[in-house]
Amino acid sequence: MVEIMKANNHYYTPEVDGTGAIARQLGMRHNVILVAEQEKKVVGFVLGTWDGARAFLFKMSVLPDFQRRGIGTMLVKEATRKFKEMGAVTIGLSAADGTGGDKNNAIGFWEKLGFEQIPARLMINFEIDELLGG
Ligand SMILES: CC(C)(COP(=O)(O)OP(=O)(O)OC[C@H]1O[C@@H](n2cnc3c(N)ncnc32)[C@H](O)[C@@H]1OP(=O)(O)O)[C@@H](O)C(=O)NCCC(=O)NCCS
């Protein structure tokens with residue numbers, strides 16, 4: 001998964017995107033983490049979570065050589081099926097908006113799957129200790 005993120009230039013922070021984080025994520029039962037395999041090689045993944053009210057996709061990536069073959073669509077649909085089983089009635093996501101360059105802009109992909117852009121902002125505090133005053 002890390003290699004796929006790196007290949008798509010959206011591996012950002014080891015603490016958030018790295019193998020240790022993925023191992024923790026795999027242990028949390030409300031997460032949905034699916035990989036697509038081709039000849040025993042992982043070529044794509046989707047990663048999201050269900051908080052009891054909302055299903056949300058946080059990250060997905062398909063190896064460049066395997067894009068535009070329907071793998072992304074299959075991963076999103078299968079994750080959606082799992083979230084629906086958990087009780088979800090909507091599914092949201094945080095999408096790269098092109099800040100990573102044209103190659104990292106997947107808005108067209110999501111719109112094709114019926115996702116709409118809404119007037120919301122995704123914000124993040126990178127200084128968690130400062131927020132706590134320490
Ligand atoms: C976005 C991504 C996951 C899509 O996976 P994929 O396996 O290529 O998607 P699919 O083959 O199921 O694509 C279905 C349709 O979506 C559209 N689409 C796919 N990628 C697109 C992109 N980057 N921009 C615009 N439209 C796109 C295409 O119209 C495609 O239909 P087509 O085959 O007729 O061209 C993949 O391109 C990727 O990993 N991109 C880099 C990382 C990234 O942006 N991740 C998402 C962050 S929110």
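This briefing walks through one protein chain, from its overall build to a few single residues. The model is predicted, so local features need pLDDT of at least 70 and side-chain atom pairs count only at pLDDT 80 or more, while totals for chains, interfaces and linings use all residues. Residues are numbered from 1 along each chain as its sequence is written.

**The whole chain**

- You'll find six helices and four strands in the chain; helices (H or I, at least four residues) and strands (E, at least two) are DSSP runs, numbered from the N terminus.
- Starting at the N terminus, the order of the elements is α-α-α-β-β-β-α-β-α-α.
- The radius of gyration is 15 Å, close to the 14 Å that the globule rule gives for 134 residues, so the chain is as compact as a globular protein of that length. Here the radius is taken over C-alpha atoms, and the rule is 2.2 Å times the number of residues to the power 0.38.
- Along the principal axes, the C-alpha atoms fill a box of roughly 50 × 35 × 30 Å.
- Of the 134 residues, 17% count as buried. A residue is buried if 20 or more other C-beta atoms lie within 10 Å of its own, exposed if 12 or fewer, and partly exposed in between, with C-beta atoms placed from the backbone.
- Take the contacts between residues at least 6 apart in sequence: 45% of them join residues at least 24 apart. Two residues are in contact if their C-beta atoms, placed from the backbone, lie within 7 Å.

**Helix α4**

- Helix α4 covers residues 71-86, and its 16 residues should span 22 Å at 1.5 Å a residue; the end C-alpha atoms are 23 Å apart, which agrees. That expected span is 1.5 Å times one less than the number of residues.
- Which residues of α4 are buried? They are Ile-71, Gly-72, Leu-75, Val-76, Ala-79 and Phe-83.
- On the face turned away from the buried side of α4 sit the exposed residues Thr-73, Arg-81, Lys-84 and Glu-85.
- What do the buried residues of α4 pack against? Their partners are β1 (31-38), β2 (41-50), β3 (55-62), β4 (91-93) and α5 (107-112).
- Met-86 also lies in helix α4, and this residue counts as exposed because it has 12 C-beta neighbours inside 10 Å. Its C-alpha atom is 19 Å from that of Met-74, 12 residues apart along the chain.
- Just after α4 comes Gly-87, with a positive phi of about 125°.

**Around the ligand**

- There are 20 residues around the ligand, and Gln-67, Gly-72, Thr-73, Ala-106 and Gly-108 come nearest. To be near, a residue needs its C-beta atom, placed from the backbone, within 6 Å of the molecule or strand in question.
- β3, α4 and α5 each supply at least two residues of this shell.
- By class, the shell has seven nonpolar, 10 polar and three charged residues. Ala, Val, Leu, Ile, Met, Phe, Trp, Tyr, Cys and Pro count as nonpolar, Asp, Glu, Lys and Arg as charged, and the others, Gly among them, as polar.

**Residues in loops**

- Asn-9 isn't a glycine, yet it has a positive phi of about 55°. Look for Asn-9 in the loop between α1 (2-7) and α2 (14-17), where it counts as partly exposed because it has 13 C-beta neighbours inside 10 Å.
- Arg-68 also has a positive phi, about 60°, although it is not a glycine. Arg-68 lies in the loop between β3 and α4 and is exposed, with 9 other C-beta atoms within 10 Å.
- Ile-124 belongs to the loop between α5 and α6 (128-131). From Arg-68, Ile-124 is 56 residues away in sequence and 31 Å away in space, C-alpha to C-alpha.
- Is Ile-124 buried or exposed? With 7 C-beta neighbours inside 10 Å, Ile-124 counts as exposed.

**A residue in strand β1**

- Glu-37 lies in strand β1 and is exposed, with 10 other C-beta atoms within 10 Å.
- Leaving aside neighbours within four places in sequence, Glu-37 is in contact with Val-42 and Val-43.
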